Amino acid sequence: DIVDGFFFFVIGEGQTTGMQLVKHSGVKSIGFTGSFKAGMAIYKAAINDREVPVPVYAEMSSVNPVLILPQQLKSASSALAAQLAGSITMGVGQFCTNPGLLFLMNDENTEAFINELKEKLTAAPAGIMLNKNICNNYYETKSKAAKEKGVTFLYEGEDVSGTAKGSAALLKVNAADFITSPALQNEIFGPASLIILCNDQQEMLKAIQSLHGQLT
């Protein structure tokens with residue numbers, strides 16, 4: 001039975017409503033799925049900003065690292081490019097299955113694959129995101145990532161954030177720079193992916209071992 005004061009869904013602007021719920025004395029525990037930044041803010045508030053702390057059960061960050069090995073790239077480059085482009089742009093990149101990190105070993109097939117993936121993303125239309133705040137955050141997070149050492153844009157769609165639309169983007173960095181830049185593991189919530197180019201299997205393993213914990 002539904003009782004007075006019971007809510008299934010509350011809509012709020014930005015972080016204000018969520019934090020009011022986190023700090024409310026009537027709340028006895030919290031479940032959260034989303035970004036690492038938001039999850040940690042909720043966790044700290046639940047511990048530090050309440051008279052009685054409550055437990056937080058959080059699933060945070062979903063960058064979905066994908067390893068593309070040379071033999072697969074050689075035999076199914078076009079199919080992989082189409083599949084990955086579809087996954088990156090599905091739901092304007094807002095599904096937790098969005099492959100945010102693509103690890104590749106640099107060989108004679110890599111450049112052609114990257115060009116195919118870039119063409120597929122270029123053809124993808126911008127789409128309306130969940131709300132303007134999420135859309136603006138997508139463009140801001142993407143821009144911050146591009147300022148990290150060694151990162152370049154392979155493709156960047158037009159900034160149409162004023163219409164709450166997200167356009168696709170593809171970024172690239174060498175494994176050595178990725179390993180020394182923890183910020184590149186921050187989820188870009190939207191239709192974007194970062195290619196990490198590795199010189200060999202040993203460097204790919206080293207890059208994978210540098211990954212911090214995440215939902216996937």
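Close-up 1. At 46% relative accessibility, C96 counts as partly exposed. This view, like those that follow, comes from a predicted model. C135 is buried, with a relative accessible area of 0%. C96 is in no disulfide, and its nearest cysteine sulfur, that of C135, is 20 Å away. A disulfide calls for cysteine sulfur atoms within 2.5 Å. The count for the model is 0 disulfides.

**Close-up 2. Helix α5 and its buried face.** Helix α5 covers residues 132-146. The helix has 15 residues and spans 21 Å from first C-alpha to last, close to the 21 Å expected at 1.5 Å a residue. Its buried residues are C135, Y138, Y139, T141, K142 and A145. Seen down the helix axis, these fall within an arc of 165 degrees, so they line one face of α5. The cover over the buried residues includes strands β6, β7 (165-166), β8 (169-174) and β9 (192-198). On the face turned away from the buried side sit the exposed residues K132 and K144.

**Close-up 3. The N-terminal cap of α5.** N131 caps this end of the helix. One of its side-chain oxygens lies 3.0 Å from the backbone nitrogen of N133.

**Close-up 4. The K142–E156 salt bridge.** Side chains of opposite charge can pair when their charged atoms come close. Here the side chains of K142 and E156 meet at 3.2 Å, N to O. K142 is buried, at 1% relative accessibility. E156 is partly exposed, at 39%.

**Close-up 5. The K149–D177 salt bridge.** The side chains of K149 and D177 meet at 3.8 Å, N to O. This pair links distant parts of the chain, 28 residues apart. K149 sits in the loop between α5 and β6. D177 belongs to helix α6 (residues 175-179). D177 is buried, with a relative accessible area of 14%. The count for the model comes to 2 salt bridges.

Technical notes: Residues numbered from 1 in each chain as written. Predicted model: local features only at pLDDT ≥ 70, side-chain atom pairs only at ≥ 80, totals over all residues. Heavy atoms only, no water. Salt bridge = Lys/Arg side-chain N within 4 Å of Asp/Glu carboxyl O. Helix = DSSP H or I, 4+ residues; strand = E, 2+ residues; numbered from the N terminus. Buried < 20%, exposed > 50% of the residue type's maximum accessible area, 1.4 Å probe, protein only. Expected span 1.5 Å × (residues − 1). Arc of directions from axis to C-beta. Contact = heavy atoms within 4.5 Å. Polar contact = N/O pair within 3.5 Å; in protein donor to acceptor, adjacent residues only side chain to side chain.
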